[in-house]
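The model is shown first.

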Amino acid sequence: MKKLVCIMLGLLFAFPAAACHKKESPAAQLWCIRPADVAAEEELRRIVRLFDADAHVSFVSETEIDMRLSAAMERGEAPDAFMLHADALPDMAEKKQLLDLSNRLPLSNVQTEKLADAAKRACLYQGKTWAVPLFTDAYMLATNRALVATPPDTVAQLQAEIATLKDNGVSSFAKLTPVKQSILYEALLKTHNGAMLNARRTALTFSSQEGQAALEDCVALLQNAADEPDAIGAGKAAFSVMTSSERRKAAAQYPDAEIELSPLFGYDRLETVAVALSADTPNQKQAFRLLEFLQTHGETIAALYKNYTASKNLQPMLPQDKEAVVRIAQAKPAPDLCGFHTLETTYLPAAIEKAGKGVPAADALKEAADQASTLIWQGKRE
């Protein structure tokens, strides 16, 4: 009898303890890229909380998300789940900051067979899946038709238009982010039959004669650039590098500006936003359920961002977006190398800036190649 009483007392004390432990389980922390408007932000917050009432949602601007995530991970304060640009995945995976999803996805509700191959490939590194794609777009040349009647098909045409615009006191390009500067440079490199990487994809080759010619072209195109990123919509600049989503935002902000997108001189580069999990998340199961929810509701979420889903069957959002859908379907993700993201965001833009200040193109590129080569190595996503 005494033994039975002891067992019952033990159970009575155990139940409150278990309840307290469950209550103290930390709520999932989710970082999302900030949508274009507050209404979409509130709707996304509402959708997430309907799924997980305790989830804490924070919004970070698209231009800062990768940098903020990297800093939070270095401090050991990474959120459990987060949106990010897929180009940043190799570096984070190499630092063991991400949770490997390879074995979890086949058993989940994420229908990977319905995702575009290029978008899936953007989330692979060294044969492992580190994220799932949410939505995707492609970088293209944007032309303000009020300033330029016909979008240029070649670099020579673009240069001629810019010379005419300069005489009329109009800026050439809107202010470009470091990544867009790098993408413009790589497109110009392609027109000179140059390459960023050697055949083995283990070394940088842009510090060549072709690379120098491309850098000189890039500096010339950006020499008369405007100081504002939205200058193309305001009629202060004729050209920019834009995605379809950014074009639609500009159209909403400047309804009188007719901005047309066209191929970036044969260079089709994919931009994929994905959702990943922190390697240090204290509750992997809870975090994965949140990731799974976001991906399986990808169409709803992509609509809030006014962007394309990562599905195979892309559909134009507007009649004039048909060409954009073709570009997205043909586009490829960034090279699958650790360090390539840093090259794009730091070393190539620095070379463009130095060349613009008079440093010889060969010297600027050699310095960029020397600095970036220590980070570039063969770490294939496939």
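Predicted model: local features only at pLDDT ≥ 70, side-chain atom pairs only at ≥ 80, totals over all residues.

Residues are numbered from 1 along each chain as its sequence is written, and side-chain values use heavy atoms, with hydrogens and water left out.

**Overall chain**

The protein chain contains 14 helices and eleven strands; helices (H or I, at least four residues) and strands (E, at least two) are DSSP runs, numbered from the N terminus. Contact here means heavy atoms within 4.5 Å. Among contacts between residues at least 6 apart in sequence, 79% join residues at least 24 apart. Further values for the chain are tabulated below.

| Property of the protein chain | Value |
|---|---|
| Span of the C-alpha trace along its principal axes | about 100 × 45 × 35 Å |
| Share of the 382 residues that count as buried | 49% |

Residues are called buried under 20% relative accessible area, exposed over 50% and partly exposed in between (1.4 Å probe, protein chains only).

**Nonpolar cores**

A nonpolar core is a set of buried Ala, Val, Leu, Ile, Met, Phe, Trp, Tyr and Cys residues joined through side-chain atoms within 4.5 Å. The largest one has 55 residues, of which Leu44, Met83 and Leu98 touch the most other members. Helix H10 (residues 284–296) contributes the largest share of this core, six residues. Leaving aside neighbours within four places in sequence, the contacts of Met83 include Trp31, Ile65, Leu134, Val273 and Tyr305. A second, separate core comprises 49 residues, among them Ile162, Phe206, Leu222 and Leu343.

**Helix H12**

In helix H12 (residues 322–330), the buried residues are Ala324, Val325, Arg327 and Ile328. They lie on the same side of H12 because they cover an arc of only 160° around the axis, the arc being that of the directions from the helix axis to the C-beta atoms. Lys322 and Ala329, on the other side of H12, are exposed. The buried residues of H12 pack against strand S6 (132–144), helix H9 (244–253), strand S10 (269–277) and strand S11 (308–309).

**Histidine 341**

Histidine 341 is located in helix H13 (residues 340–356). With a relative accessible area of 15%, histidine 341 is buried. Apart from neighbours within four places in sequence, histidine 341 is in contact with Asp66, Asp87, Ala88 and Asp91.
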